[in-house]
2 protein chains.
Amino acid sequence: MSTGRLIGVGVGPGDPELITLKAMRALNEADVIAHFAKAGRQSQSRTIVAPHLRAGVTELPLQFPVTTELPKCSNDYRAAIRDFYDGAAAAIAAHLSAERAVAVICEGDPLFYGSYMHLHARLAPRFATEIVAGITGMSGCWSAAGMPIAQGDDVFTVLPATLPEGELARRLADADAAVVMKIGRHLPKLRRALARSGQLDRAIYVERGTMTDAKMIPLATKRDDDAPYFAVVLVPGWEQRP
Amino acid sequence: MSTGRLIGVGVGPGDPELITLKAMRALNEADVIAHFAKAGRQSQSRTIVAPHLRAGVTELPLQFPVTTELPKCSNDYRAAIRDFYDGAAAAIAAHLSAERAVAVICEGDPLFYGSYMHLHARLAPRFATEIVAGITGMSGCWSAAGMPIAQGDDVFTVLPATLPEGELARRLADADAAVVMKIGRHLPKLRRALARSGQLDRAIYVERGTMTDAKMIPLATKRDDDAPYFAVVLVPGWEQRP
């Protein structure tokens, strides 16, 4: 093993104050700061840590390829994404082999639905790694909403809205508390699934959870079907106990 | 409403560096710092923030009653716990009515299986409240283990080990990734449930996840049935994708 060090650094859900002391130290100690960005967009994680970046630190932007023309289940899409992660891992490995510490900054928590995991899987067998846990996006949402989510012996589940309507309804009915992610164009289907599971009346719709322009409303009062991909729906499980 | 302010402050899973800048500011601005503790024990959340406490700040310890002689499902147990939270809420309300800012420091995240929720439910209707999200214990565990937990369209679930064996096995088999909490004396039952769901070989047993004396081993290699109540078992859902 080289003495290079890979650090997956969670920087939280958006509010720059929801970063940990440990993440601040990692940013301060790293030789290289790497960050993912959608093609042609600013990196969200970089925006979050901008006030904390050391002047003159080496940055390594990792720009996702443009894949909008490819169906997500196609082999071409998979190959483009695999090639992207292979290339990103190679760029990081070059720094690690030169014994540098590379911090990959990640929105939310690095190992919970994070892109960082693809780099970790490629590099952890060859280099020392460390993870700095981060506040998840969902935790930012229920905190901003002041919404107790789960308590005691509650079963809590996280579901992607991409699931078929029947499966969403079944899984929602089977859990005490739930967070549904990746809403986007799946909102009408999710609304029907929540009606079937009897939970529509307590579901809360959240957009941009920890931003200053956050929007939180009971889903039942939302009149349109417009929702960004990163909107979430919270189904709180907890009622006041003893 | 009085101008008193109640702040539920997540202080993370144990590592004093896994506290956020926002929590630090809340500690610094609060007139009163309240913390829960088991009877006769030091408050865990207070231990975590001890290096960050302002000298001379007013503290309000909230000591759980001794209930070891009462069955958890009994009316007497429920009444003792309810009386305790009523009393704790009243003590905090006295400070809030005097227009003080009261920070209740909480291990992990205040609204995710946290005792703070019982105070929030009692006080939020009468006073301004704010939540500072914290790193959850489970996130601390999978980060310390360097264990990618969920990715893409994975269904992720949190289960209490108190559930019956058949229900544990069914729910484990139905999820892509899982965290099982409250292990303690339920470990043999959980082991059988994981064997039934076909997941025993990938389950990781974690004790004291973010402490310096953390213990993490594949559950299949654990020879004894000893487990503290706060041990967790991680069932990672993610395999290397593209």
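A:Arg171 and B:Asp174 form a salt bridge, with the closest N and O atoms 3.4 Å apart (a salt bridge is a side-chain nitrogen of Lys or Arg within 4 Å of a carboxyl oxygen of Asp or Glu). The pair crosses between chains, from helix α6 (residues 165-174) of chain A to helix α6 (residues 165-174) of chain B. The model is predicted: local features need pLDDT of at least 70, side-chain atom pairs count only at pLDDT 80 or more, and totals for chains, interfaces and linings use all residues. Residues are numbered from 1 along each chain as its sequence is written, chains are lettered from A and ligands numbered from 1 in the order in which they are written, and side-chain values use heavy atoms, with hydrogens and water left out.

- A:Arg171 counts as buried at 12% relative accessibility, while B:Asp174 counts as partly exposed at 21% (buried means under 20% relative accessible area, exposed over 50%, partly exposed in between, with a 1.4 Å probe and protein chains only).
- A:Asp174 and B:Arg170 also meet in a salt bridge, at 2.9 Å from N to O. This pair joins two chains because A:Asp174 lies in helix α6 of chain A and B:Arg170 in helix α6 of chain B.
- A:Asp174 is partly exposed at 21% relative accessibility, and B:Arg170 is partly exposed at 39%.
- A:Asp15 and B:Lys22 form a salt bridge at 2.7 Å, N to O. A:Asp15 sits in the loop between β1 (5-10) and α1 (21-29) of chain A and B:Lys22 in helix α1 (residues 21-29) of chain B, so this pair joins two chains.
- Both A:Asp15 and B:Lys22 are buried.

**Network and total**

- A network of salt bridges links A:Arg5, A:Arg25, A:Glu29, A:Glu130 and B:Glu17.
- Over all chains, the structure holds 32 salt bridges.

**Sheet of chain B**

- Chain B has an open sheet of five strands in the order β3-β2-β4-β1-β5, with parallel pairing (helices, H or I with at least four residues, and strands, E with at least two, are DSSP runs numbered from the N terminus; two strands pair if DSSP finds at least two bridges between them).
- The edge strands are β3 (58-63) and β5 (128-132) of chain B, each pairing on one side only.
- The twist averages 20 degrees from one strand to the next (axes are lines fitted to C-alpha atoms, for helices over the stretch in contact, and angles run from 0 to 180 degrees between N-to-C directions).
- Strands β1 (residues 5-10) and β4 (residues 101-106) of chain B pair in the parallel sense over six bridges, and B:Gly10 stands opposite B:Cys106 in β4(B).
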